[in-house]
Amino acid sequence: MLSLLGCSLLVSSVLKNVTNVITAVGEMYLFGKHHDNRVWAALFLMIISAITGGLTDLSFHAVGYTWQIINCFLTASYSLTLRRVMDTAKQLTKSGNLNEFSMVLLNNTLSLPLGIFLVFVFNEIDYLSRTPLLRLPMFWLVITFSGVLGLGISFTSMWFLHQTGATTYSLVGSLNKIPLSIAGIFLFKVPTSVENSASIFFGLLAGVFFARAKIRERSS
């Protein structure tokens with residue numbers, strides 16, 4: 001959220017691809033996982049996509065980029081930590097795992113203290129007491145829908161990590177940046193350019209490379 005105050009939606013989405021490299025390296029060191037050359041090729045194309053996407057952002061905002069880099073490290077740490085927790089649960093629980101509902105419940109419950117702390121840090125209570133948004137039915141409709149989507153994201157993320165690894169989770173998640181970038185161009189009238197189109201093209205190419213790598217890995 002804070003990165004979007006300084007970066008455009010397009011650039012913020014593309015820069016998140018850096019998370020994939022951090023996750024892949026972390027998985028190698030933490031879990032001893034070996035990645036296929038095509039997976040690294042896909043990661044390389046993701047970086048090219050991020051660079052060409054960044055070239056379209058002429059209004060560089062240091063604070064926005066700083067928050068986005070922090071977001072990349074936190075996102076990678078989050079997926080790697082979840083994978084570690086799931087592996088630990090196999091050893092310490094009678095059932096051998098924590099189901100998705102338990103993980104979502106624990107995840108959101110543990111985030112409450114931090115959320116309450118941030119409410120006071122950013123003085124959100126004072127803002128909410130003065131904003132006219134709370135009197136708009138459309139605001140409640142949108143915010144409720146956002147909450148439902150967030151719950152869906154949490155549940156599907158837990159299920160996906162149960163079935164795959166952190167790098168696969170991160171790379172597949174990055175593919176949604178392509179339609180998001182295209183939507184940002186049309187919905188928010190972001191100017192397009194050769195670099196902009198190249199960024200989307202390299203992102204799609206990375207998706208193809210990664211899909212081929214996983215098909216080859218499964219067949220072997």
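Modeller: What follows is a walk along one part, then on to its partners.

This is a predicted model, in which local features need pLDDT of at least 70 and side-chain atom pairs count only at pLDDT 80 or more, while totals for chains, interfaces and linings use all residues. Residues are numbered from 1 along each chain as its sequence is written, and side-chain values use heavy atoms, with hydrogens and water left out.

Start with the whole. The protein holds 10 helices and zero strands. Here helices (H or I, at least four residues) and strands (E, at least two) are DSSP runs, numbered from the N terminus. Of its 220 residues, 31% count as buried. Buried means under 20% relative accessible area, exposed means over 50%, and partly exposed lies in between (1.4 Å probe, protein chains only). Contact means heavy atoms within 4.5 Å. Among contacts with a separation of 6 or more, 78% join residues 24 or more positions apart.

Now the part itself: helix α4. Helix α4 covers residues 62–92. It has 31 residues and reaches 44 Å from its first C-alpha to its last. That is close to the 45 Å expected at 1.5 Å a residue. The expected span is 1.5 Å times one less than the number of residues.

Which residues of α4 are buried? They are Gly64, Tyr65, Gln68, Cys72, Ala76, Ser79, Leu80, Leu82, Arg83, Met86 and Ala89. Take Gln68, which lies in α4. Gln68 counts as buried because its relative accessibility is 2%. Leaving aside neighbours within four places in sequence, Gln68 is in contact with Ser3, Ser12, Leu15 and Lys16.

Two packed helices are described by the angle between their axes and the distance between the axes. Axes are lines fitted to C-alpha atoms, for helices over the stretch in contact, and angles run from 0 to 180 degrees between N-to-C directions.

One partner is α2. Helix α2 spans residues 18–31. The axes of α2 and α4 come within 8 Å and cross at roughly 35 degrees. The crossing is right-handed. A crossing is right-handed if the near helix is turned clockwise from the far one by less than a right angle, and left-handed if anticlockwise. From α2, the contact uses Val18, Thr19, Ile22, Thr23, Gly26, Glu27, Leu30 and Phe31. From α4, it uses Cys72, Phe73, Thr75, Ala76, Ser79, Leu80, Arg83, Arg84 and Asp87. By class, these residues divide into eight nonpolar, five polar and four charged. Ala, Val, Leu, Ile, Met, Phe, Trp, Tyr, Cys and Pro count as nonpolar, Asp, Glu, Lys and Arg as charged, and the others, Gly among them, as polar.

Met28 also sits in α2. Met28 counts as partly exposed because its relative accessibility is 38%. Apart from neighbours within four places in sequence, it is in contact with Lys33, His35 and Trp40.

Another partner of α4 is α7. The two pack at an angle of about 65 degrees, with their axes 10 Å apart. This crossing is right-handed as well. Tyr78, Ser79, Leu82, Arg83 and Met86 of α4 make the contact with Met158, Leu161 and His162 of α7. The contact holds five nonpolar, two polar and one charged residues.

Follow α7 one step further. Helix α7 has 27 residues and reaches 39 Å from its first C-alpha to its last, close to the 39 Å expected at 1.5 Å a residue. Its buried residues are Ser154, Ser157, Met158, Leu161 and His162.

Helix α7 (residues 137–163) also packs with helix α5 (residues 100–121). Their angle is about 125 degrees, and their axes lie 9 Å apart. That makes α5 oblique to α7. Angles under 35 degrees count as roughly parallel, over 145 as roughly antiparallel, 65 to 115 as roughly perpendicular, and the rest as oblique. The crossing of α5 and α7 is right-handed. In α5, Glu100, Phe101, Met103, Val104, Asn107 and Asn108 take part. They meet Leu151, Ser154, Phe155, Met158, Trp159 and His162 in α7. By class, this contact has seven nonpolar, four polar and one charged residues.

Two residues of α7 tie this together. Met158 and His162 are buried. Both join the contact with α4, and both join the contact with α5.
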